[in-house]
Amino acid sequence: MKIAVIYKWAPDPQNASVSESGEIDWGTKRTVSEYDPVAIRVGRILADETEAELIGITVGEKTASSPKAVQSAASRGLDRLIVVSDDELVSATPERYASVLAAILRNLDVDLILAGDASADNGGKAVPGLLAGLLGIPSFGEVDSVSRPNAEYDFIITRKLNGKQQKLGIKGRAIIAVTTDAAPIPLIGMKDMMAARKKPVEVLELNELNFQGLPQTHGIATLENVHKPVLKPRKQIVFDSDSAVAELIAALKEEGVL
Amino acid sequence: MSTWIIAANQTQIGELVAAAGSEASILLIADDVALNELKDATVASIVHLPASGPAENFAGVAAAFFAEVTAQTIIAADNAIDRSLATSVAARLGATWISGAISWDGDSRTVNRSIAGLTIETLKVDGPVGFVLPTSSPALGGTPEIKKISPAEILDSIENNFWNSDTVVEVLSESEV
């Protein structure tokens, strides 16, 4: 059995700066995207239970295959990594990411694909669904738990929707994006970092992948204007009475937040 | 231009209608209760795909439907189910996906989107595109044309039946939290 985890070598919005004209400078620092270690951890737990191989897959700019980048991801518990690093992917759209991931995954014969809740930079939560569409399998977002029973289903997942918890049984392949509740993240120690150096890493370039058979996007989005968002003035209200909680709730309801 | 809302998560469908515009139509993947709640939504029409079980099972069928009606804009509410459906459908159709959309103007076919809350881009779109929108107040009071269709009817009507997945997904339980 094989489990794949897709992760992103991403910039952190906290390190980004925005010019007066609205252009974003993401800076040079990159890390494994904030929510992806949860997906890797969920994959590690499932892989240990089922003696599966856990494969980390990422697609990104050239630094995604740097020793620091692959060690950082591998130390989270991956058995091996596949990295497509190409500076053509610096500002890739979600469907471009998804198509490159699909080109890799179509040849891997994995049983389950895991993803984090969202990428730290754009946070659009779109790639798992787009990838699912390209692979012709279902995707499920905001999943709180993934387990592997012994009998009727390959995987059982739980998620919260509209005030209800739903348990789904899955027979066959699927893509599952997990929430941060899905697994606690262990601290990474020196032993993990040393072991990570020995994990096999396959580095590929875009021209080595086969995109034939994947749908090509044919919509066009042309940038007309970019500007900084207008920040709403702060309310400057402090609730400090004995009924502060009730007052806060009332105020949030009045603003339409709750 | 053909603008469609794809909707399965009943709680947010009505709210999305206002953002999509009165010329839009809804592909509703849900039960009759949801249809009843939407029967006076301010949209041009509602196509009802009666569904039981997880809506994600119907992504292939929805894509086949949108291919047949040559949908140019596919909009979903920003929740896990509708987003999964819409992205999966967009990929099958080769529609361009626009992340972070915050508003849509159907007349000028422009989308405003936020990049990580840092900046706002205005995009003019052409050809098939998809995005999720934040929801607002329900927009009811219309008289949409309502049509019921079956998955088999959709799949039979197209030559290429690659849309469906072999994966089987079933709801095992639901409980209040």
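This is a predicted model: local features need pLDDT of at least 70, side-chain atom pairs count only at pLDDT 80 or more; totals for chains, interfaces and linings use all residues.
In soluble globular proteins, nonpolar side chains tend to be buried together. The largest nonpolar core of this structure holds 69 residues. Those with the most contacts inside it are Ile57(A), Leu105(A), Ile113(A), Leu131(A), Ile6(B), Ile29(B) and Phe66(B). Helix α3 of chain A, residues 94-105, gives the most to this core, with eight residues. When residues up to four places away in sequence are not counted, Ile113(A) touches Leu105(A), Leu131(A) and Ile176(A), among others.

Over all chains, the whole structure contains four aromatic pairs. In one of them, the ring centres of Trp104(B) and Phe131(B) are 5.3 Å apart and the planes stand at 45 degrees, so the pair is tilted. Trp104(B) belongs to strand β6 (residues 101-105) and Phe131(B) to strand β9 (residues 129-133) of chain B, and the pair thus links parts of the chain 27 residues apart. Both residues are buried. Trp4(B), Phe65(B) and Phe66(B) form one aromatic cluster.

Arginine side chains also lie over aromatic rings, as the table shows.

| Arginine | Ring | Distance to ring centre |
|---|---|---|
| Arg96(A) | Phe211(A) | 5.5 Å |
| Arg148(A) | Phe155(A) | 5.5 Å |

Finally, Asp82(B) lies in helix α4 of chain B, residues 80-93. Asp82(B) is buried yet has no salt bridge. The nearest side chain of opposite charge, Arg83(B), is 9.2 Å away. Beyond its neighbours within four places in sequence, Asp82(B) is in contact with residues including Ile6(B), Asn9(B) and Ala77(B).

How values were computed
Residues are numbered from 1 along each chain as its sequence is written. Chains are lettered from A and ligands numbered from 1 in the order in which they are written. Side-chain values use heavy atoms; hydrogens and water are left out. Helices (H or I, at least four residues) and strands (E, at least two) are DSSP runs, numbered from the N terminus. Buried means under 20% relative accessible area, exposed over 50%, partly exposed in between (1.4 Å probe, protein chains only). Lys and Arg count as positive and Asp and Glu as negative; His and the chain ends are not counted. A salt bridge is a side-chain nitrogen of Lys or Arg within 4 Å of a carboxyl oxygen of Asp or Glu. Contact means heavy atoms within 4.5 Å. A nonpolar core is a set of buried Ala, Val, Leu, Ile, Met, Phe, Trp, Tyr and Cys residues joined through side-chain atoms within 4.5 Å. Rings of Phe, Tyr and Trp (its six-membered ring) pair if their centres lie within 6.5 Å; planes under 30 degrees apart count as stacked, over 60 as edge-to-face and the rest as tilted. A charge sits over a ring if NZ of Lys or CZ of Arg is within 6 Å of the ring centre and within 35 degrees of the ring normal.
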